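Me: I have a structure open and I would like to learn how to read it. Can we go feature by feature?

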Amino acid sequence: MNTALSESVSETALNFDVLPSGVEQFRKSAQEFARNVVEPRVQDLDQKPAAHFDWDLVGHGHRIGLTRAAIPKEYGGLGVGMLGVATALEEVAAVCPGTALIFGATLLGQAPILLSGDPRLQARFLPLFSGDEPVLACNAVTEEDAGCDLIIPSQAEHARNVTTARRDGDHYVLTGRKRFITNAEVAAFASVFATMEGSRGATGLTSFIVPLDLPGVVRGPVADKMGYRVCLGSELEFHGVRVPAEYMIGAEGEGMAINMAQSNMARAAVAGISTGVARSALERAIAWCGERVQGGRRLKDQQFTAAKLAGMAAKVDAARMLYLRAADKVDNELPPPVYEPATAKLFADRTAIDVAETALSLLGARGYLRSYGVEKTMRDALGTRIYEGTPEVLALAITDSLYAGGDEW
Amino acid sequence: MSVFPSSEMAAQVFSSLFTVLLEDDDFVVRARQEGLSVRLVHTKPDCEIFVSPQGGVRIGEEQAGPAAITLRMSCDTAHALWMGRLLVPVAIATGRLRIRGRVAKVLELVPMLRPAFDRYPDIAAAAGIGA
């Protein structure tokens with residue numbers, strides 16, 4: 001090829017097959033972890049009591065860096081960005097999304113510290129994740145009476161019974177109760193959102209990092225969930241918990257913006273989890289339809305089934321493209337963009353459910369059995385719509401972006 | 001009305017600030033190691049500054065080279081930020097400070113800016129820019 005022409009092609013061509021080397025290396029180690037460590041125990045873990053937690057499994061993930069993938073190298077992390085996190089979590093989720101969410105929720109708990117730009121906070125909390133033993137974090141937003149009201153600014157004033165914070169000398173005092181918090185039972189610290197006492201609804205929402213061994217913190221009980229049973233979702237109570245003032249992120253009343261920024265940052269990664277769920281269902285359907293013979297032909301050779309498999313494959317590929325774009329944007333823009341992560345998650349969640357449902361139908365009666373795995377995938381797929389933005393919340397974020405106009409750059 | 005009466009005044013203050021940073025050995029060593037160059041696009045009034053350990057501090061759009069990190073904010077936001085009245089996470093989360101470039105590099109950059117935060121109030125005061 002003409003040199004000038006090849007140079008111009010390399011400057012303009014997108015390469016859909018090659019990830020940055022550090023990201024690809026991390027993705028491969030996540031794939032090995034999923035196949036060699038997670039897969040042999042996932043069916044058993046899925047049927048354990050709700051409060052069972054496999055620290056040994058987490059330890060293996062910790063050793064390949066799943067607890068510190070997004071942390072800068074100077075604090076002992078891998079520094080592979082959201083692209084690294086998202087592609088690795090797709091690999092883990094293709095085997096067990098509950099395991100992937102343990103690490104995804106930890107990233108979410110770390111996000112305010114990463115965004116804080118505060119070297120003291122970063123030096124205090126981020127090196128915890130590079131020790132020999134695994135450490136987990138969590139993000140505590142949702143409450144009994146307030147979920148979406150804490151992540152949609154226009155609804156903040158209507159939020160009810162929100163956890164409160166009150167300044168007392170060089171501390172803040174937190175009082176309230178969070179619900180459905182992934183990792184709350186096992187995390188070392190939580191990113192907690194509480195509204196300043198006396199403010200209307202959640203208009204005074206403020207972000208704090210709260211070590212969960214502080215007096216007044218009560219964990220549990222663990223929720224008995226339909227899917228994602230490998231990770232624990234539980235309550236987190238704060239009974240007059242005194243949090244050092246320097247553990248506040250940003251400023252009083254700025255928690256909503258910080259929460260949205262960290263959500264936008266994390267949605268690309270959780271879209272990777274949903275894509276992994278869909279991929280798992282697709283792979284099982286491909287295997288089954290490639291061997292099952294009906295009417296003298298394998299299912300894959302029958303036009304109606306082929307159309308289903310082709311549609312499933314296209315959706316999984318599209319979901320992956322969307323989350324890769326979102327992750328790349330998140331790795332290169334601050335504040336994290338709203339639109340791309342929200343569209344990636346909205347599409348990937350829907351894809352997970354559609355592809356799992358189609359796979360279930362293609363496997364027929366076997367799809368309904370636990371031993372074939374698709375039944376678990378279906379249960380997990382339905383969970384993707386709940387955390388880090390329901391379809392309704394994502395739709396509002398996307399639509400707001402459509403009407404907001406472009407950034408000036 | 002902006003605390004900066006003119007683009008020239010903004011350029012004088014912000015270029016002085018980054019000249020201070022380039023006198024900080026730790027900053028320069030790390031900036032060289034990381035291949036760090038920063039383009040600051042200020043608005044209201046408009047003022048663009050390009051900073052790199054190799055090229056020093058250059059003022060004006062035509063002086064800017066390709067930068068690893070681009071920061072965009074109003075001059076008033078920059079003033080509040082450097083004075084310590086507006087915190088970095090709040091500026092980012094609310095979109096008052098917008099950044100393009102590898103976020104990992106940005107996260108490493110923020111702690112390196114400590115000398116600039118320390119010196120800015122004096123630099124602004126010397127230029128007659130009020131708190």
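Me: Where is Phe180(A) found?

Reply: This is a predicted model. In it, Phe180(A) sits in strand β3 of chain A, residues 171-182.

Me: What is phi of Phe180(A) near?

Reply: Start with the general idea. Most residues other than glycine have a negative phi, and most peptide bonds are trans. Now the case here. Phi of Phe180(A) is near 60°, a positive value, and the residue is not a glycine. Phe180(A) is partly exposed, with 19 other C-beta atoms within 10 Å. A buried residue needs 20 or more.

Me: Where is Lys44(B), and what is its phi?

Reply: Lys44(B) lies in the loop between β1 and β2 of chain B. Its phi is positive, about 55°, although Lys44(B) is not a glycine. Lys44(B) is partly exposed, with 15 other C-beta atoms within 10 Å.

Me: Which peptide bond at Pro221(A) is cis?

Reply: The bond from Gly220(A) to Pro221(A) is cis, with omega near 0°. Pro221(A) belongs to strand β6 of chain A, residues 217-222. A cis bond also joins Leu334(A) and Pro335(A), with omega about -5°. Pro335(A) lies in the loop between β11 and α9 of chain A.

Me: Now strands. How do I read their faces?

Reply: In a regular strand the side chains alternate between the two faces of the sheet.

Me: In what order do the six strands of the open sheet run?

Reply: General idea: strands of a sheet pair through backbone hydrogen bonds, either parallel or antiparallel. Here the order is β11(A)-β5(B)-β4(B)-β1(B)-β2(B)-β3(B), and the pairing is mixed. The edge strands are β11(A) and β3(B), each pairing on one side only.

Me: Which pairs in that sheet are parallel or antiparallel?

Reply: Take them one by one.
- β1(B) and β4(B) run parallel, joined by six bridges. Arg39(B) stands opposite Thr70(B).
- β4(B) and β5(B) are antiparallel, over four bridges. Arg72(B) has Arg98(B) as its bridge partner.
- β2(B) and β3(B) are antiparallel, over four bridges. Ile49(B) stands opposite Ile59(B).
- β11(A) and β5(B) run antiparallel, joined by two bridges. Leu334(A) has Ile99(B) as its bridge partner.

Me: How many residues of each chain are in contact?

Reply: First, the usual way to state size. The size of an interface is often given as the accessible area lost when the parts come together. Here we count residues instead. 20 residues of chain B are in contact with 23 residues of chain A. On the chain B side, α4, β5 and α5 each give two or more residues. α5(B) gives the most, with seven. By class, this side has 13 nonpolar, three polar and four charged residues.

Me: Back to chain A. What does helix α5 look like end to end, and where does it bend?

Reply: An α-helix has 3.6 residues a turn, so residues three or four places apart point the same way. α5(A) spans residues 97-116, 20 residues in total. It reaches 29 Å from its first C-alpha to its last, close to the 28 Å expected. α5(A) bends by about 35° at Gln110(A). A proline, Pro112(A), follows within four residues. Gly117(A) comes after α5(A), and its phi is positive, near 65°.

Me: How many helices and strands does chain A have, and how compact is it?

Reply: Chain A has eleven helices and eleven strands. Its radius of gyration is 22 Å, close to the 22 Å that the globule rule gives for 409 residues, so chain A is as compact as a globular protein of that length. The C-alpha trace spans about 80 × 60 × 45 Å along its principal axes. Of the 409 residues, 54% count as buried.

Methods: Residues numbered from 1 in each chain as written. Chains lettered and ligands numbered in written order. Predicted model: local features only at pLDDT ≥ 70, side-chain atom pairs only at ≥ 80, totals over all residues. Expected span 1.5 Å × (residues − 1). Bend = angle between axes of the 7 residues up to and from the residue. Rg over C-alpha atoms; globule rule 2.2 N^0.38 Å. Buried ≥ 20, exposed ≤ 12 C-beta atoms within 10 Å, placed from the backbone. Contact = placed C-beta atoms within 7 Å. Nonpolar A, V, L, I, M, F, W, Y, C, P; charged D, E, K, R; others polar. Pairing = 2+ DSSP bridges.
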